[in-house]
Amino acid sequence: MARTSNVFARVEPEIKEQAEQVLERLGIPMSNAVSMFLRQVVLQRGIPFEMKLPKTELLNYSSLTREQFDAEMEKGMDDVKAGRVYSADTIEAEMRRDFGV
């Protein structure tokens, strides 16, 4: 058997649990999946999947002029009046997906 080394990583509990469920269905232990990922990093000489910036950037309100801030607030009010509203859960899920927050 080949020598092994330990790797310790901090991950969000929900992500770990979801990954474990997927890996269990695939019949792959977590340690094997991590080993597979690291082997691919070596073989590909980088991250073995495409990495992109989010489609949209978060707006930094502290950098806006008063006029720009007022215009953004007006856009928000127009959305509310038009019924273009989303639950906090929906926004949180999109933030996680798009920005890794």
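A: A word on classes before we start: Ala, Val, Leu, Ile, Met, Phe, Trp, Tyr, Cys and Pro count as nonpolar, Asp, Glu, Lys and Arg as charged, and the others, Gly among them, as polar. This is a predicted model, where local features need pLDDT of at least 70, side-chain atom pairs count only at pLDDT 80 or more, and totals for chains, interfaces and linings use all residues. Residues are numbered from 1 along each chain as its sequence is written, and side-chain values use heavy atoms, with hydrogens and water left out.

Q: How does the lining of the largest pocket divide into nonpolar, polar and charged residues?
A: There are 11 nonpolar, five polar and two charged residues in that lining. A pocket here is an open set of points on a 1 Å grid over the protein atoms alone, where a 1.4 Å probe fits, with protein on both sides within 12 Å along at least five of seven lines; lining residues have an atom within 4 Å of a point.

Q: What volume does the largest pocket have?
A: About 660 Å³. That volume is the space filled by probe spheres set on the grid points, which are joined across faces, edges and corners.

Q: Which residues lie nearest its centre?
A: V7, M30, S31, V34 and S35, out of 18 lining residues.

Q: Which element gives the largest share of that lining?
A: Helix α2, with eight residues. Both α1 (13–26) and α2 (30–44) supply at least two. Helices are DSSP runs (H or I, at least four residues), numbered from the N terminus.

Q: And the second largest pocket, how much space lies there?
A: About 480 Å³. It is lined by 15 residues, with Y61, E72, K75, G76 and D79 closest to its centre. Helix α3 (residues 66–81) gives the largest share, six residues. The lining holds eight nonpolar, two polar and five charged residues.

Q: New topic. Is L38 buried, partly exposed or exposed?
A: L38 is partly exposed, because its relative accessibility is 40%. Buried means under 20% relative accessible area, exposed over 50%, partly exposed in between (1.4 Å probe, protein chains only). L38 lies in helix α2.

Q: What about R45, where is that found?
A: In the loop between α2 and α3. R45 has a positive phi of about 55°, although it is not a glycine. R45 is exposed, because its relative accessible area is 79%.

Q: Last one: how far apart are the C-alpha atoms of E67 and E24?
A: They are separated by 54 Å, and the two residues are 43 residues apart along the chain. E67 is found in helix α3.
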